[in-house]
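Here is a friendly briefing to read with the model open beside you. It goes topic by topic, with the cut-offs given along the way.

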Amino acid sequence: MNNLNIQETKYTPKIDLDFENNTVSIIGKSYPENTFEFYEPVIKWIEEYFNNTEKDTISINFEIIYFNSSSSKLFFDLFDLLEENNETNTIVINWIYDEENESALEAGEDFQEDFENLTINLVIK
Amino acid sequence: MNINEIQNLVERDGIVFLSYGGFLSQALISAMTEALEKEANENGIGLGMSNNIFTLFIELSQNMMNYSKSRDQNSAEVIPEGLILVSKDEKGNYYIQSQNIITLKDKDKIEPKLKEIQSLDKDGLKKRYRELRRSGKNTHEKGGGIGFYEIAKRCDNIKYNFKKINENKYYFHIKTMIYINKKEK
């Protein structure tokens, strides 16, 4: 399975999906015009990853500075996908935020509450 | 669009950081967001507050972009224009507002959401936001259906009005406020 790397733009984050190292990282701003289309390859890659691995430990790093509402919905769907695979894999999610960025912290806390079965660490940058 | 409308909006609210009237595209929205980032930086606005300003600006402007797009496909009457304004008053409160022309159908979609939002307190809003995000309802909409709820979460107060132009067309004006002193709410 190949890695997937997407370069950062002014309104989309830098995305690195690394198969060998079992890491996913999404860093930057997220307010694409067509959010669902933009993230489609990312969702596909993660689905394929879980189909290709047996019981693995994957770490996922989110560092989102700010985002639009459709990105919020998209991240929710992504967490949903992770939760579906949580029993057969060890998934560690790091929600990284700047101490001053209260809304990023609040977004992380909301995900913690919505996905109690997932390990979501709130990490100060 | 009537230039007086812009002037009225500007005069009421002190220092204007950004005002734009016209056609909206993603490239423009992103360029204006960058300009706002620069302003926020130069004015020493804290990260928490400035990110809320950016999010409000992005939601309102992408909303306008999407409403004009849906009309592109469904009607010969294309009005891909809107006004957007970011300003600050002498106390340091921030205002992000927009105005555009929408159809009656859009109004019937937007108005119940805004009415519901106005009836909720902060906790109720948070709960409703998460419910809607979970249910995936309205996901056929570009914004995932939670845009106005996102807006409400990020600001301290919302005012809106619909002004009838004719049977099928309305001016939709929405003003969001971020208070420097949260007690003012």
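In chain A, six strands make an open sheet of mixed pairing, ordered 1-2-3-4-5-6. Strands count as paired when DSSP finds at least two bridges between them, and the elements are DSSP runs numbered from the N terminus: helices are H or I of at least four residues, strands are E of at least two. Strand 1 and strand 6 (119-124) of chain A are the edges; each has a single partner strand, so one side of each lacks a neighbour in the sheet.

This is a predicted model, where local features need pLDDT of at least 70 and side-chain atom pairs count only at pLDDT 80 or more, while totals for chains, interfaces and linings use all residues. Residues are numbered from 1 along each chain as its sequence is written, and chains are lettered from A and ligands numbered from 1 in the order in which they are written.

**The sheet of chain A, strand by strand**

- From one strand to the next, the twist averages 15°; axes are lines fitted to C-alpha atoms, for helices over the stretch in contact, and angles run from 0 to 180 degrees between N-to-C directions.
- Helix 1 (residues 35-52) of chain A packs on this sheet and touches strand 1, strand 2 and strand 3 of chain A, with its direction at about 20° to that of strand 2 of chain A. Contact here means that the C-beta atoms of two residues, placed from the backbone, lie within 7 Å.
- Three bridges link strand 1 (residues 4-6) of chain A to strand 2 of chain A in the antiparallel sense, and A:Asn5 has A:Asp16 as its bridge partner in strand 2 of chain A.
- Strand 2 and strand 3 (residues 23-30) of chain A are also antiparallel, with five bridges. Here A:Asp16 stands opposite A:Ser25, and A:Leu17 is the bridge partner of A:Val24.
- These two strands, strand 2 and strand 3 of chain A, form a hairpin with four residues between them, and A:Asn22 in the turn has a positive phi of about 55°.
- Strand 3 and strand 4 (residues 57-67) of chain A run parallel over seven bridges; one of the pairs is A:Gly28 with A:Ile64.
- A residue is buried if 20 or more other C-beta atoms lie within 10 Å of its own, exposed if 12 or fewer, and partly exposed in between, with C-beta atoms placed from the backbone.

**Chain A as a whole**

- Chain A has three helices and six strands, in the sequence pattern β-β-β-α-β-α-β-α-β.
- Its C-alpha trace spans about 40 × 30 × 20 Å along the principal axes.
- The radius of gyration of chain A is 14 Å, which agrees with the value near 14 Å for a compact globule of 125 residues. It is taken over C-alpha atoms, and the globule rule is 2.2 Å times the number of residues to the power 0.38.
- Buried residues are 36% of the 125 residues in chain A.
- Of the contacts in chain A with a separation of 6 or more, 68% join residues 24 or more positions apart.

**The sheet of chain B**

- Five strands form an open, antiparallel sheet in chain B, in the order 1-2-3-5-4.
- Strand 1 (15-23) and strand 4 (157-166) of chain B are its edge strands, each pairing on one side only.
- Neighbouring strands of this sheet are turned by 10° against each other on average, direction ignored.
- Eight bridges join strand 1 to strand 2 (residues 81-88) of chain B, where B:Gly21 stands opposite B:Leu83.
- Helix 2 of chain B lies across strand 1 and strand 2 of chain B, at about 175° to strand 1 of chain B.

**Where the chains meet, and the core**

- In the contact between the chains, 23 residues of chain B meet 19 residues of chain A.
- Helix 3 of chain B gives nine residues, the largest share of the side of chain B that touches chain A.
- That side of chain B has four nonpolar, 11 polar and eight charged residues. Ala, Val, Leu, Ile, Met, Phe, Trp, Tyr, Cys and Pro count as nonpolar, Asp, Glu, Lys and Arg as charged, and the others, Gly among them, as polar.
- The largest nonpolar core has 66 residues, and those touching the most other members are A:Ile93, B:Leu36, B:Ile53, B:Phe57, B:Leu60, B:Val86 and B:Ile96. Such a core is a set of buried Ala, Val, Leu, Ile, Met, Phe, Trp, Tyr and Cys residues joined through C-beta atoms within 7 Å.
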